[in-house]
Amino acid sequence: MAKGQPRERQEERASLQDGAESKTKVKLTRCGKITLGILTTVIAALLIGLIVYFVAYGKVPFYYHISFKVNNINYDEKFAKPYSQEYMGLNRKIVALINETFHESSLRRYYVKSHVVQVSRAKGKSVIHVVLKFKSCCKNNAAKFWDKIETILRQKLTGQTGSLIIDASSFKFSDIAMPIAENLLHTCCGQRTITPSGNKIAGGQNAEEGEWPWQASLQQNHIHRCGATLISNSWLVTAAHCFINANDPKEWNVTFGLLLSDQRTQRAVKDIIIHENYHYPAHDHDIAVVRLSSPVLYTSNIRRVCLPETNHTFPPNSDVVVTGWGTLKSDGKTPNILQKASVKIIDIKTCNSGKVYGGVITPGMLCAGFLQGRVDACQGDSGGPLVSADSKGTWFLAGIVSWGDECALPNKPGVYTRVTYYRDWIMSKTGV
(Lines give C-alpha, C1' and ligand atoms only; values in the text may rest on other atoms or scores of the structure.)
Protein backbone atom coordinates (compact mmCIF):
# COMPACT_ATOMS: atom_id res chain seq x y z
CA MET A 1 0.00 0.00 0.00
CA ALA A 2 1.29 3.49 -0.76
CA LYS A 3 2.33 5.62 2.20
CA GLY A 4 -0.61 7.09 4.02
CA GLN A 5 -3.13 4.98 2.15
CA PRO A 6 -6.24 3.90 4.08
CA ARG A 7 -6.54 0.26 4.94
CA GLU A 8 -9.80 -0.60 3.25
CA ARG A 9 -9.98 -3.56 0.88
CA GLN A 10 -8.89 -2.62 -2.66
CA GLU A 11 -9.56 -5.66 -4.87
CA GLU A 12 -12.89 -7.30 -5.70
CA ARG A 13 -13.74 -10.62 -4.13
CA ALA A 14 -16.46 -13.10 -4.92
CA SER A 15 -19.81 -12.46 -3.30
CA LEU A 16 -20.51 -14.49 -0.20
CA GLN A 17 -23.63 -16.56 0.09
CA ASP A 18 -25.83 -15.80 3.05
CA GLY A 19 -25.08 -18.26 5.84
CA ALA A 20 -28.11 -20.05 7.16
CA GLU A 21 -27.99 -20.66 10.86
CA SER A 22 -27.38 -24.33 11.54
CA LYS A 23 -29.10 -26.01 14.42
CA THR A 24 -27.67 -29.12 15.99
CA LYS A 25 -30.25 -31.62 17.13
CA VAL A 26 -29.30 -34.48 19.41
CA LYS A 27 -31.31 -37.66 19.02
CA LEU A 28 -31.25 -40.77 21.16
CA THR A 29 -31.73 -43.78 18.88
CA ARG A 30 -32.10 -47.48 19.62
CA CYS A 31 -31.83 -50.16 16.98
CA GLY A 32 -30.81 -53.77 16.45
CA LYS A 33 -31.64 -57.06 18.18
CA ILE A 34 -30.58 -57.86 21.71
CA THR A 35 -29.69 -61.43 22.65
CA LEU A 36 -30.39 -62.75 26.10
CA GLY A 37 -26.72 -63.19 26.88
CA ILE A 38 -25.94 -59.50 26.59
CA LEU A 39 -29.25 -58.13 27.82
CA THR A 40 -27.91 -57.02 31.19
CA THR A 41 -24.96 -55.21 29.63
CA VAL A 42 -27.13 -53.45 27.07
CA ILE A 43 -29.66 -52.33 29.69
CA ALA A 44 -26.89 -50.94 31.85
CA ALA A 45 -25.36 -49.13 28.90
CA LEU A 46 -28.76 -47.79 27.89
CA LEU A 47 -29.44 -46.45 31.37
CA ILE A 48 -26.06 -44.74 31.44
CA GLY A 49 -26.75 -43.28 28.00
CA LEU A 50 -30.12 -41.96 29.12
CA ILE A 51 -28.57 -40.37 32.19
CA VAL A 52 -25.85 -38.74 30.11
CA TYR A 53 -28.42 -37.57 27.57
CA PHE A 54 -30.66 -35.90 30.12
CA VAL A 55 -27.75 -34.35 31.98
CA ALA A 56 -26.13 -32.98 28.84
CA TYR A 57 -29.02 -32.37 26.48
CA GLY A 58 -32.36 -33.01 28.11
CA LYS A 59 -32.56 -29.85 30.21
CA VAL A 60 -34.93 -27.14 29.09
CA PRO A 61 -33.91 -23.51 29.78
CA PHE A 62 -36.19 -21.37 31.94
CA TYR A 63 -35.77 -17.60 32.29
CA TYR A 64 -37.12 -15.30 34.98
CA HIS A 65 -37.07 -11.59 35.77
CA ILE A 66 -36.98 -10.31 39.32
CA SER A 67 -36.87 -6.79 40.70
CA PHE A 68 -36.57 -5.36 44.20
CA LYS A 69 -35.70 -2.08 45.91
CA VAL A 70 -32.57 -1.81 48.03
CA ASN A 71 -33.21 0.73 50.78
CA ASN A 72 -29.56 1.31 51.67
CA ILE A 73 -28.27 1.98 48.14
CA ASN A 74 -28.99 5.47 46.87
CA TYR A 75 -29.49 5.70 43.12
CA ASP A 76 -26.38 6.86 41.26
CA GLU A 77 -26.52 8.23 37.71
CA LYS A 78 -23.48 6.06 36.95
CA PHE A 79 -25.67 2.97 37.35
CA ALA A 80 -27.04 3.84 33.90
CA LYS A 81 -23.63 3.04 32.38
CA PRO A 82 -23.12 -0.74 32.42
CA TYR A 83 -19.35 -0.38 32.03
CA SER A 84 -18.95 2.00 34.99
CA GLN A 85 -17.17 0.77 38.10
CA GLU A 86 -20.29 1.62 40.12
CA TYR A 87 -22.57 -0.54 37.97
CA MET A 88 -20.13 -3.45 37.74
CA GLY A 89 -19.54 -3.37 41.49
CA LEU A 90 -23.28 -3.46 42.18
CA ASN A 91 -23.76 -6.27 39.66
CA ARG A 92 -21.06 -8.37 41.32
CA LYS A 93 -22.68 -7.86 44.73
CA ILE A 94 -26.19 -8.82 43.55
CA VAL A 95 -25.02 -11.79 41.47
CA ALA A 96 -22.96 -13.07 44.42
CA LEU A 97 -26.10 -12.90 46.58
CA ILE A 98 -28.20 -14.83 44.05
CA ASN A 99 -25.43 -17.36 43.41
CA GLU A 100 -25.23 -18.01 47.15
CA THR A 101 -29.02 -18.27 47.36
CA PHE A 102 -29.29 -21.09 44.83
CA HIS A 103 -25.98 -22.84 45.42
CA GLU A 104 -27.17 -23.49 48.97
CA SER A 105 -30.63 -24.62 47.86
CA SER A 106 -32.21 -27.76 46.43
CA LEU A 107 -32.11 -26.09 42.98
CA ARG A 108 -28.31 -25.75 42.88
CA ARG A 109 -28.06 -28.25 40.00
CA TYR A 110 -30.55 -26.30 37.90
CA TYR A 111 -29.39 -22.74 38.44
CA VAL A 112 -27.19 -21.46 35.57
CA LYS A 113 -26.54 -17.76 36.05
CA SER A 114 -27.96 -14.30 36.70
CA HIS A 115 -27.17 -10.76 35.64
CA VAL A 116 -28.29 -7.27 36.66
CA VAL A 117 -29.83 -5.85 33.51
CA GLN A 118 -31.03 -2.49 34.80
CA VAL A 119 -30.94 -0.25 37.84
CA SER A 120 -33.86 2.16 38.10
CA ARG A 121 -34.78 4.83 40.63
CA ALA A 122 -37.58 4.85 43.21
CA LYS A 123 -37.71 7.74 45.67
CA GLY A 124 -33.97 8.18 45.43
CA LYS A 125 -33.24 4.50 46.09
CA SER A 126 -32.07 1.81 43.66
CA VAL A 127 -34.42 -0.76 42.16
CA ILE A 128 -32.49 -3.78 40.90
CA HIS A 129 -33.69 -5.71 37.85
CA VAL A 130 -32.18 -9.16 37.38
CA VAL A 131 -32.58 -11.90 34.78
CA LEU A 132 -31.99 -15.50 35.93
CA LYS A 133 -31.44 -18.63 33.87
CA PHE A 134 -32.20 -22.20 34.97
CA LYS A 135 -32.15 -25.56 33.20
CA SER A 136 -34.43 -28.43 34.11
CA CYS A 137 -35.64 -31.65 32.52
CA CYS A 138 -39.04 -31.07 34.13
CA LYS A 139 -40.75 -29.07 31.42
CA ASN A 140 -44.11 -30.57 32.33
CA ASN A 141 -43.69 -29.29 35.88
CA ALA A 142 -42.92 -25.69 34.95
CA ALA A 143 -45.49 -24.37 37.43
CA LYS A 144 -43.90 -26.27 40.33
CA PHE A 145 -40.46 -25.12 39.20
CA TRP A 146 -41.69 -21.52 39.17
CA ASP A 147 -43.16 -21.86 42.68
CA LYS A 148 -39.96 -23.37 44.05
CA ILE A 149 -37.74 -20.62 42.61
CA GLU A 150 -40.04 -17.84 43.79
CA THR A 151 -40.25 -19.32 47.28
CA ILE A 152 -36.47 -19.59 47.63
CA LEU A 153 -35.99 -16.03 46.38
CA ARG A 154 -38.61 -14.55 48.68
CA GLN A 155 -37.15 -16.30 51.69
CA LYS A 156 -33.65 -15.07 50.90
CA LEU A 157 -34.46 -11.54 49.79
CA THR A 158 -36.68 -10.84 52.77
CA GLY A 159 -34.31 -12.38 55.28
CA GLN A 160 -30.67 -11.77 56.10
CA THR A 161 -28.93 -10.52 52.97
CA GLY A 162 -25.63 -9.31 54.36
CA SER A 163 -24.97 -5.66 53.58
CA LEU A 164 -28.15 -5.17 51.52
CA ILE A 165 -31.37 -3.95 53.11
CA ILE A 166 -34.11 -5.09 50.71
CA ASP A 167 -37.66 -3.78 50.75
CA ALA A 168 -39.59 -7.08 50.88
CA SER A 169 -42.82 -5.49 49.63
CA SER A 170 -41.08 -4.39 46.42
CA PHE A 171 -40.14 -7.92 45.29
CA LYS A 172 -41.59 -8.90 41.90
CA PHE A 173 -41.18 -12.18 40.02
CA SER A 174 -42.13 -13.13 36.45
CA ASP A 175 -40.97 -15.27 33.57
CA ILE A 176 -39.42 -13.86 30.41
CA ALA A 177 -39.13 -15.10 26.80
CA MET A 178 -35.87 -16.79 25.83
CA PRO A 179 -34.67 -14.42 23.04
CA ILE A 180 -35.19 -11.36 25.21
CA ALA A 181 -33.64 -13.04 28.24
CA GLU A 182 -30.54 -14.22 26.37
CA ASN A 183 -30.12 -10.73 24.96
CA LEU A 184 -30.27 -9.22 28.45
CA LEU A 185 -27.95 -11.83 29.95
CA HIS A 186 -25.28 -10.81 27.44
CA THR A 187 -25.91 -7.08 27.43
CA CYS A 188 -22.88 -6.20 29.55
CA CYS A 189 -20.25 -4.57 27.34
CA GLY A 190 -16.68 -5.71 26.84
CA GLN A 191 -17.22 -9.24 28.13
CA ARG A 192 -16.35 -12.53 26.45
CA THR A 193 -17.69 -15.98 27.25
CA ILE A 194 -14.51 -17.86 26.28
CA THR A 195 -10.94 -17.87 27.50
CA PRO A 196 -8.97 -18.08 24.25
CA SER A 197 -5.78 -20.05 23.80
CA GLY A 198 -2.68 -18.66 22.09
CA ASN A 199 -2.40 -15.20 20.38
CA LYS A 200 -4.18 -13.32 10.01
CA ILE A 201 -3.92 -9.72 10.03
CA ALA A 202 -0.25 -9.41 9.09
CA GLY A 203 1.58 -11.60 11.58
CA GLY A 204 -1.54 -12.57 13.51
CA GLN A 205 -3.41 -15.77 14.29
CA ASN A 206 -6.85 -17.28 13.80
CA ALA A 207 -9.47 -16.07 16.25
CA GLU A 208 -11.89 -18.41 18.01
CA GLU A 209 -15.67 -18.47 17.97
CA GLY A 210 -16.98 -15.79 20.33
CA GLU A 211 -13.51 -14.46 21.17
CA TRP A 212 -14.16 -10.98 19.72
CA PRO A 213 -17.97 -10.78 19.77
CA TRP A 214 -18.12 -7.06 18.88
CA GLN A 215 -16.33 -7.52 15.52
CA ALA A 216 -18.47 -6.99 12.42
CA SER A 217 -17.87 -7.15 8.68
CA LEU A 218 -18.98 -4.07 6.76
CA GLN A 219 -19.91 -5.21 3.26
CA GLN A 220 -20.64 -3.31 0.06
CA ASN A 221 -22.99 -5.31 -2.15
CA HIS A 222 -22.22 -8.32 0.08
CA ILE A 223 -18.45 -8.09 -0.43
CA HIS A 224 -16.29 -7.45 2.64
CA ARG A 225 -14.79 -3.95 2.55
CA CYS A 226 -14.09 -2.92 6.14
CA GLY A 227 -14.33 -3.95 9.74
CA ALA A 228 -16.63 -2.30 12.27
CA THR A 229 -17.26 -2.51 16.00
CA LEU A 230 -20.61 -3.06 17.71
CA ILE A 231 -21.23 -0.41 20.41
CA SER A 232 -24.96 -1.05 20.98
CA ASN A 233 -27.79 -3.19 19.60
CA SER A 234 -28.22 -0.74 16.74
CA TRP A 235 -24.94 1.14 16.26
CA LEU A 236 -21.43 0.40 15.05
CA VAL A 237 -18.36 2.58 14.79
CA THR A 238 -15.97 2.36 11.84
CA ALA A 239 -13.64 4.46 9.68
CA ALA A 240 -14.91 7.33 7.53
CA HIS A 241 -12.62 6.41 4.63
CA CYS A 242 -14.57 3.17 4.13
CA PHE A 243 -17.24 5.29 2.43
CA ILE A 244 -15.03 7.41 0.15
CA ASN A 245 -16.62 6.04 -3.01
CA ALA A 246 -19.96 4.82 -1.68
CA ASN A 247 -21.98 6.33 1.16
CA ASP A 248 -25.47 5.14 0.17
CA PRO A 249 -26.74 2.92 3.02
CA LYS A 250 -28.64 0.77 0.50
CA GLU A 251 -25.34 -0.52 -0.88
CA TRP A 252 -24.13 -1.76 2.49
CA ASN A 253 -24.87 -4.57 4.91
CA VAL A 254 -23.30 -5.76 8.17
CA THR A 255 -22.57 -9.35 9.18
CA PHE A 256 -21.41 -11.01 12.38
CA GLY A 257 -19.57 -14.29 12.83
CA LEU A 258 -16.15 -15.90 12.78
CA LEU A 259 -16.14 -16.85 9.08
CA LEU A 260 -16.82 -14.58 6.12
CA SER A 261 -18.27 -17.59 4.31
CA ASP A 262 -20.71 -18.39 7.11
CA GLN A 263 -22.04 -15.15 8.55
CA ARG A 264 -25.03 -16.21 10.59
CA THR A 265 -26.37 -12.81 11.61
CA GLN A 266 -26.85 -10.10 9.01
CA ARG A 267 -28.40 -6.66 8.97
CA ALA A 268 -29.04 -4.02 6.36
CA VAL A 269 -27.72 -0.50 7.01
CA LYS A 270 -30.17 2.29 7.79
CA ASP A 271 -27.83 5.27 8.24
CA ILE A 272 -24.18 6.17 7.70
CA ILE A 273 -22.94 9.23 9.58
CA ILE A 274 -19.45 10.43 8.62
CA HIS A 275 -17.56 12.94 10.75
CA GLU A 276 -18.29 16.42 9.41
CA ASN A 277 -14.62 17.40 9.32
CA TYR A 278 -13.34 14.33 7.49
CA HIS A 279 -11.94 15.23 4.08
CA TYR A 280 -10.22 12.55 2.05
CA PRO A 281 -7.27 12.11 1.46
CA ALA A 282 -6.43 13.69 4.83
CA HIS A 283 -6.44 11.24 7.74
CA ASP A 284 -7.87 13.49 10.45
CA HIS A 285 -11.36 12.70 11.80
CA ASP A 286 -11.39 9.25 10.18
CA ILE A 287 -14.48 8.04 12.00
CA ALA A 288 -18.08 7.18 11.11
CA VAL A 289 -21.01 5.50 12.81
CA VAL A 290 -23.43 3.08 11.18
CA ARG A 291 -27.00 2.41 12.28
CA LEU A 292 -28.45 -1.02 11.60
CA SER A 293 -31.85 -1.47 9.97
CA SER A 294 -32.98 -3.43 13.02
CA PRO A 295 -31.29 -4.20 16.36
CA VAL A 296 -29.30 -7.37 16.88
CA LEU A 297 -29.90 -9.55 19.90
CA TYR A 298 -26.88 -10.06 22.10
CA THR A 299 -25.70 -13.66 22.40
CA SER A 300 -22.53 -15.34 23.62
CA ASN A 301 -21.07 -14.60 20.15
CA ILE A 302 -22.50 -11.12 19.57
CA ARG A 303 -21.74 -8.51 22.21
CA ARG A 304 -20.88 -4.85 22.31
CA VAL A 305 -17.52 -3.45 23.27
CA CYS A 306 -17.22 -0.86 26.02
CA LEU A 307 -16.60 2.72 24.92
CA PRO A 308 -14.01 4.55 27.04
CA GLU A 309 -14.74 7.90 28.65
CA THR A 310 -12.83 10.91 27.36
CA ASN A 311 -10.41 10.76 30.30
CA HIS A 312 -9.67 7.05 29.89
CA THR A 313 -5.97 6.43 29.21
CA PHE A 314 -4.24 3.71 27.22
CA PRO A 315 -0.62 4.04 28.34
CA PRO A 316 2.32 3.64 25.94
CA ASN A 317 3.62 0.07 25.73
CA SER A 318 0.34 -1.35 27.02
CA ASP A 319 -1.05 -4.46 25.33
CA VAL A 320 -3.86 -4.08 22.81
CA VAL A 321 -5.42 -6.40 20.23
CA VAL A 322 -6.43 -5.64 16.64
CA THR A 323 -8.83 -7.92 14.75
CA GLY A 324 -10.17 -8.17 11.23
CA TRP A 325 -10.47 -10.04 7.94
CA GLY A 326 -7.81 -7.95 6.21
CA THR A 327 -5.07 -9.39 4.02
CA LEU A 328 -2.28 -11.37 5.65
CA LYS A 329 0.29 -9.11 3.98
CA SER A 330 0.24 -6.04 1.75
CA ASP A 331 -1.72 -6.94 -1.40
CA GLY A 332 -1.94 -10.51 -0.11
CA LYS A 333 -4.73 -13.02 0.29
CA THR A 334 -7.84 -12.40 2.35
CA PRO A 335 -8.55 -14.95 5.11
CA ASN A 336 -11.94 -16.52 5.60
CA ILE A 337 -11.49 -16.75 9.37
CA LEU A 338 -11.24 -13.68 11.60
CA GLN A 339 -7.66 -12.81 12.52
CA LYS A 340 -6.27 -11.38 15.77
CA ALA A 341 -2.92 -9.84 16.65
CA SER A 342 -1.47 -8.52 19.89
CA VAL A 343 0.39 -5.22 19.53
CA LYS A 344 1.66 -2.42 21.78
CA ILE A 345 0.60 1.21 22.14
CA ILE A 346 3.36 3.51 20.84
CA ASP A 347 3.62 7.01 22.30
CA ILE A 348 2.96 9.98 19.99
CA LYS A 349 6.47 11.41 20.40
CA THR A 350 8.05 8.22 19.08
CA CYS A 351 5.44 7.85 16.34
CA ASN A 352 6.02 11.44 15.23
CA SER A 353 9.80 11.06 15.11
CA GLY A 354 11.61 11.53 11.83
CA LYS A 355 12.27 7.83 11.29
CA VAL A 356 8.62 6.90 11.85
CA TYR A 357 5.87 9.26 10.61
CA GLY A 358 7.66 12.59 10.74
CA GLY A 359 5.19 14.75 12.66
CA VAL A 360 1.91 13.87 10.91
CA ILE A 361 0.33 12.13 13.93
CA THR A 362 -2.32 14.42 15.46
CA PRO A 363 -4.09 14.23 18.87
CA GLY A 364 -7.00 12.37 17.28
CA MET A 365 -4.69 9.52 16.22
CA LEU A 366 -3.15 6.60 18.08
CA CYS A 367 -0.17 4.46 17.04
CA ALA A 368 0.09 0.75 17.82
CA GLY A 369 2.32 -2.05 16.66
CA PHE A 370 6.07 -2.66 16.84
CA LEU A 371 8.91 -0.54 15.51
CA GLN A 372 10.49 -3.79 14.32
CA GLY A 373 7.41 -4.43 12.15
CA ARG A 374 6.11 -8.01 11.71
CA VAL A 375 2.63 -7.52 13.19
CA ASP A 376 0.10 -4.98 11.94
CA ALA A 377 -3.35 -4.34 10.55
CA CYS A 378 -3.56 -4.48 6.77
CA GLN A 379 -5.86 -3.97 3.77
CA GLY A 380 -9.45 -4.86 4.64
CA ASP A 381 -8.97 -4.26 8.36
CA SER A 382 -9.97 -0.58 8.10
CA GLY A 383 -12.69 0.47 10.51
CA GLY A 384 -12.09 -2.50 12.76
CA PRO A 385 -11.38 -2.47 16.50
CA LEU A 386 -8.20 -1.97 18.48
CA VAL A 387 -9.20 -3.08 21.99
CA SER A 388 -7.64 -3.08 25.44
CA ALA A 389 -8.64 -5.03 28.56
CA ASP A 390 -8.67 -3.43 32.00
CA SER A 391 -7.56 -5.18 35.18
CA LYS A 392 -10.95 -6.91 35.53
CA GLY A 393 -10.95 -8.29 31.98
CA THR A 394 -13.40 -5.77 30.52
CA TRP A 395 -12.53 -4.77 26.95
CA PHE A 396 -12.58 -1.13 25.82
CA LEU A 397 -12.32 0.27 22.31
CA ALA A 398 -9.05 2.19 22.13
CA GLY A 399 -8.78 2.76 18.40
CA ILE A 400 -10.26 2.31 14.93
CA VAL A 401 -8.03 0.95 12.16
CA SER A 402 -7.28 3.97 9.97
CA TRP A 403 -4.07 4.08 7.91
CA GLY A 404 -0.42 3.12 7.66
CA ASP A 405 2.56 2.78 5.33
CA GLU A 406 1.95 -0.64 3.75
CA CYS A 407 1.68 -3.39 6.41
CA ALA A 408 4.03 -4.50 9.19
CA LEU A 409 7.05 -2.58 7.89
CA PRO A 410 9.82 -1.57 10.33
CA ASN A 411 9.23 1.92 11.80
CA LYS A 412 5.77 2.05 10.20
CA PRO A 413 3.28 0.94 12.87
CA GLY A 414 -0.46 1.08 12.40
CA VAL A 415 -2.22 4.39 12.90
CA TYR A 416 -5.68 4.33 14.50
CA THR A 417 -8.41 6.86 15.16
CA ARG A 418 -8.21 7.62 18.91
CA VAL A 419 -11.65 6.80 20.33
CA THR A 420 -11.33 8.89 23.52
CA TYR A 421 -10.75 11.97 21.35
CA TYR A 422 -14.06 11.36 19.55
CA ARG A 423 -16.05 10.00 22.50
CA ASP A 424 -18.32 13.06 22.73
CA TRP A 425 -18.89 12.99 18.96
CA ILE A 426 -19.98 9.34 19.13
CA MET A 427 -22.39 10.18 21.95
CA SER A 428 -23.83 13.11 20.02
CA LYS A 429 -24.64 10.95 17.01
CA THR A 430 -25.71 7.67 18.61
CA GLY A 431 -26.67 8.42 22.20
CA VAL A 432 -24.24 5.68 23.28
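Student: Is threonine 420 buried or exposed?

Tutor: Buried means under 20% relative accessible area, exposed over 50% and partly exposed in between, with a 1.4 Å probe and protein chains only. Threonine 420 has 10% relative accessibility, so the residue counts as buried. This is a predicted model, in which local features need pLDDT of at least 70 and side-chain atom pairs count only at pLDDT 80 or more, while totals for chains, interfaces and linings use all residues. Residues are numbered from 1 along each chain as its sequence is written, and side-chain values use heavy atoms, with hydrogens and water left out. The answer for threonine 420 is therefore buried.

Student: Which residues is threonine 420 in contact with, leaving aside its neighbours within four places in sequence?

Tutor: Contact means heavy atoms within 4.5 Å. Threonine 420 itself lies in the loop between strand 17 (414-418) and helix 6 (423-430), where helices (H or I, at least four residues) and strands (E, at least two) are DSSP runs numbered from the N terminus. With those neighbours set aside, its contacts are Pro308, Glu309, Thr310, His312 and Phe314.

Student: With which residue does lysine 156 form a salt bridge?

Tutor: A salt bridge is a side-chain nitrogen of Lys or Arg within 4 Å of a carboxyl oxygen of Asp or Glu, and here the closest N and O atoms are 3.1 Å apart. Lysine 156 lies in helix 3 (residues 142-157) and its partner in helix 2 (residues 85-103), so the pair ties together parts that are 56 residues apart in sequence. The partner of lysine 156 is glutamate 100.
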